[in-house]
Amino acid sequence: MNNEDKVVLFDGVCNFCQASVQFIIKHDKSNSLKFASLQSDIGKTLIAQYNIPATVDSIVFIKDNKAFIKSDAALEIAGFFEFPFYILKYFKIVPVAIRNFVYDIIARNRYNWFGKQDACMLPSPEVSARFLDAK
């Protein structure tokens, strides 16, 4: 990974997280975001490198050598979306405590609400180059 990479770390066994990655791929106007599961070797390396707490188990976004977690990660990612979805980034005006409260409810219940896989997703051939752990 180099300094200009923008990396989305996600829970590779979570159906909601996998669907979110598919949404990001579809709406990333720059096609510049890269992906890795939290469970992968590269994911574990980045978690250690950026001192991300072990309690973070859903989404992490790394940009400009800085790691964003929870709602901050989601809203930073939204800034890469095409219209109208990039408007989501303006939810940053909502206090972080409120944003993370809602985020934590979803994160805590994601397996119950959306299900879980036995293994991490395999990217399709057309997007596999954007997955750091698919190489």
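Is F61 buried or exposed? At 0% relative accessibility, F61 counts as buried (buried is under 20% relative accessible area, exposed over 50%, partly exposed in between, with a 1.4 Å probe and protein chains only). Keep in mind that this is a predicted model, where local features need pLDDT of at least 70 and side-chain atom pairs need 80 or more, while totals for chains, interfaces and linings use all residues. Residues are numbered from 1 along each chain as its sequence is written, and side-chain values use heavy atoms, with hydrogens and water left out.

**View 1. The whole chain, end to end.**
Of its 135 residues, 41% count as buried.

Searching the whole structure turns up five aromatic pairs (Phe, Tyr and Trp rings, the six-membered one for Trp, with centres within 6.5 Å; planes under 30 degrees apart are stacked, over 60 edge-to-face, the rest tilted). One of them is F23 with F81, an edge-to-face pair at 5.5 Å centre to centre and 80 degrees between the planes. F23 sits in helix α1 and F81 in the loop between α3 and α4, so to speak a link between distant parts of the chain, 58 residues apart. F23 is partly exposed at 32%, but F81 is buried at 5%. Together with F85, F23 and F81 form one aromatic cluster.

**View 2. F61 and its ring partner.**
The ring centres of F61 and F80 are 5.8 Å apart with planes at 75 degrees, so this pair is edge-to-face. F61 lies in strand β3 (residues 59-63) and F80 in the loop between α3 and α4, so the pair ties together parts 19 residues apart in sequence. F80 counts as buried too, at 13% relative accessibility.

**View 3. A look at D72.**
You'll find D72 in helix α3 (residues 70-78), partly exposed at 28% relative accessible area. Leaving out residues up to four places away in sequence, D72 touches V96 and R99 (a contact means heavy atoms within 4.5 Å).

Notes: Helix = DSSP H or I, 4+ residues; strand = E, 2+ residues; numbered from the N terminus.
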